[in-house]
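Have the sequence and the model open while you read.

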Amino acid sequence: MISDWFIQFFRLFFPKNCESCGKNLLKGESFLCTDCLYQIPRTKFHEEKDNPVNRLFYGITDITYSTAFFYFQKASKYRTLIHKLKYGGQKEIGIELGRMAGREITGSFFDETNLIIPVPLHPAKKRIRGYNQSEMIAKGISEITEKELRTDILLRTKFTETQTKKNLEERRKNVGSAFKVVKPEYLNGKHILLIDDVVTTGSTLIACADELLKTENVKISVLILGFAVQ
Ligand SMILES: [Zn+2]
């Protein structure tokens with residue numbers, strides 16, 4: 001493609017910028033500058049079974065391990081990064097962050113998982129956005145951990161309205177039964193690693209887990225990219 005060629009040519013002469021703070025990247029830096037890379041507020045939740053993400057699910061649904069790659073604060077400089085991933089068409093950001101998250105969990109409890117499933121988007125929403133951001137994160141994780149990634153087993157059948165103005169109970173009702181499992185036989189004996197982008201209450205993940213757990217002999221663990229905190 002001419003446009004690809006043009007981009008390569010352009011980059012020879014004009015350095016790329018950090019996707020988070022916008023600073024020119026130095027040689028050896030890719031996607032994020034060294035400051036932004038090292039200042040990511042990692043949660044390290046993959047090192048402890050009992051953590052604030054796992055507590056979202058206590059007494060509600062059966063999740064084996066849970067973690068978040070980093071704390072996501074609205075005022076932080078990483079907001080731009082997430083915004084570009086979700087609304088700016090920059091799916092590569094999801095893949096890059098997924099690779100980082102994949103490296104982070106390697107050697108932890110999460111080694112026990114053997115099938116990666118991203119929280120699906122409704123097909124109409126995916127068409128509008130061009131891709132599913134959680135699938136991009138999952139792709140990066142799968143690349144690093146070499147675990148199988150499937151997007152054809154858990155489907156979203158309901159186009160839900162925006163969640164931001166609803167409380168937890170309303171959100172649970174809103175997403176309840178929005179998901180459907182096809183090919184449940186494929187899940188037999190699997191320990192699924194369910195992937196989501198930014199999570200506040202966990203209601204979407206709970207709805208996904210409820211659906212997946214209808215199949216017997218299935219375990220579920222959860223990895224979210226950003227854990228939203230005030
Ligand atoms: Zn930066």
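Does C21 count as buried, partly exposed or exposed? At 39% relative accessibility, C21 is partly exposed, where buried means under 20% relative accessible area, exposed over 50%, and partly exposed in between (1.4 Å probe, protein chains only). C33, by contrast, is buried.

| Residue | Relative accessible area | Class |
|---|---|---|
| C21 | 39% | partly exposed |
| C33 | 1% | buried |

A word on the source: this is a predicted model, where local features need pLDDT of at least 70, side-chain atom pairs count only at pLDDT 80 or more, and totals for chains, interfaces and linings use all residues. Residues are numbered from 1 along each chain as its sequence is written, and side-chain values use heavy atoms, with hydrogens and water left out.

Now the metal. C18, C21, C33 and C36 coordinate the zinc ion through their SG atoms at 2.3 Å (donors are N, O and S atoms within 2.8 Å of the metal, or 3.2 Å for Na, K and Ca). Along the chain the donors are spaced C-x2-C-x11-C-x2-C. C21 and C33 both sit in the loop between α1 (2-13) and α2 (34-39), so this pair ties together parts that are 12 residues apart in sequence. Helices here are DSSP runs of H or I with at least four residues.

Notes. Helices (H or I, at least four residues) and strands (E, at least two) are DSSP runs, numbered from the N terminus.
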